[in-house]
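Here is a short report on one protein chain.

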Amino acid sequence: MHVSALSRLLQPPVMTSAVRWNRQVQSILSTLDSYGGIYVAMFLFAILSGVFPLTNSEAAMIALGVASPYGWPKLVVLAVITALGQSVMHATLFQSARALANAGAKRRPKLEARIAKARELGKRWEKSELLLIALGATVGVPPQAIVALLAGAIGIRFRTFLAIDIAGRILRFTTIVLVAHLA
């Protein structure tokens, strides 16, 4: 046998990009898991993804469902943690919009005009505001960050917003991760 043929036989097979990606995901997950940090990492990632579109919790849930060695109970816990992280950000946006609408608008005419415009938009949705919050929380249309800002500015009750947001986000992320895991 020729030396080059022997060296080709001894080399590991060429990995496809999907196999490489799967191994990289599993390596990251095992590192995080060894410190119990997967839960904290997903929570912080979800907070960031609540306002920064390039960090996508939905994509993270799909990656966990497809490439992780986790069973469905742990995937559901991670989905709930992700939902809670995003709900923290939505609550922050809601409260920020409410504070801005109540305090700073009186001193700034341009801001007052924008808030009045948001309230007019809210009046159009007055009978469907809960549906709007539920659609943003579950389907993502309109984006829940925008819904949170609008809800805070027009004066929707915080408890109502938060209850729908948390329930909708849990449903959304649990569905995404389980469908990805079963696929």
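## Cavity and aromatic contacts

In this predicted model, the largest cavity is lined by Trp 125, Glu 129, Leu 132, Ile 133, Val 147, Leu 150, Ala 151, Ile 154 and Ile 156. Two elements, α7 (129-138) and α8 (144-154), each give two or more residues to that lining. The largest share comes from α8, with 4 residues. By class, the lining has 8 nonpolar residues, 1 charged residue and no polar ones. The volume of the largest cavity is about 40 Å³. The count is 1 cavity of 30 Å³ or more.

Next, the aromatic rings. The structure holds 2 aromatic pairs.

| Pair | Geometry | Centre to centre | Angle between planes |
|---|---|---|---|
| Phe 94 and Phe 158 | tilted | 5.2 Å | 50 degrees |
| Phe 94 and Phe 161 | stacked | 5.0 Å | 20 degrees |

Phe 94 lies in helix α5 (residues 72-102) and Phe 158 in helix α9, 64 residues apart. Phe 161 is also in helix α9, 67 residues from Phe 94. Phe 94, Phe 158 and Phe 161 form one aromatic cluster.

How exposed is Phe 158? Phe 158 has a relative accessible area of 24%, so it counts as partly exposed. Phe 94 is at 0% relative accessibility and therefore counts as buried. Phe 161 is buried as well.

A charge also meets a ring. The charged end of Lys 74 sits over the ring of Tyr 70, 4.2 Å from the ring centre.

Finally, confidence. The chain averages a pLDDT of 86, and 89% of the residues score at least 70. Helix α9 (residues 158-182) has the highest mean, 97, and helix α1 (residues 3-10) the lowest, 50. Where pLDDT is low, predicted coordinates should not be read in detail.

Methods
Residues numbered from 1 in each chain as written. Predicted model: local features only at pLDDT ≥ 70, side-chain atom pairs only at ≥ 80, totals over all residues. Heavy atoms only, no water. 1 Å grid on protein atoms, 1.4 Å probe; cavity = no way out; pocket = protein on both sides within 12 Å on 5 of 7 lines; lining within 4 Å. Points joined across faces, edges and corners; volume = space filled by probe spheres on them. Nonpolar A, V, L, I, M, F, W, Y, C, P; charged D, E, K, R; others polar. pLDDT = per-residue confidence, 0-100. Phe/Tyr/Trp six-rings, centres within 6.5 Å; stacked < 30°, edge-to-face > 60°. Buried < 20%, exposed > 50% of the residue type's maximum accessible area, 1.4 Å probe, protein only. Lys NZ or Arg CZ within 6 Å of the ring centre and 35° of its normal.
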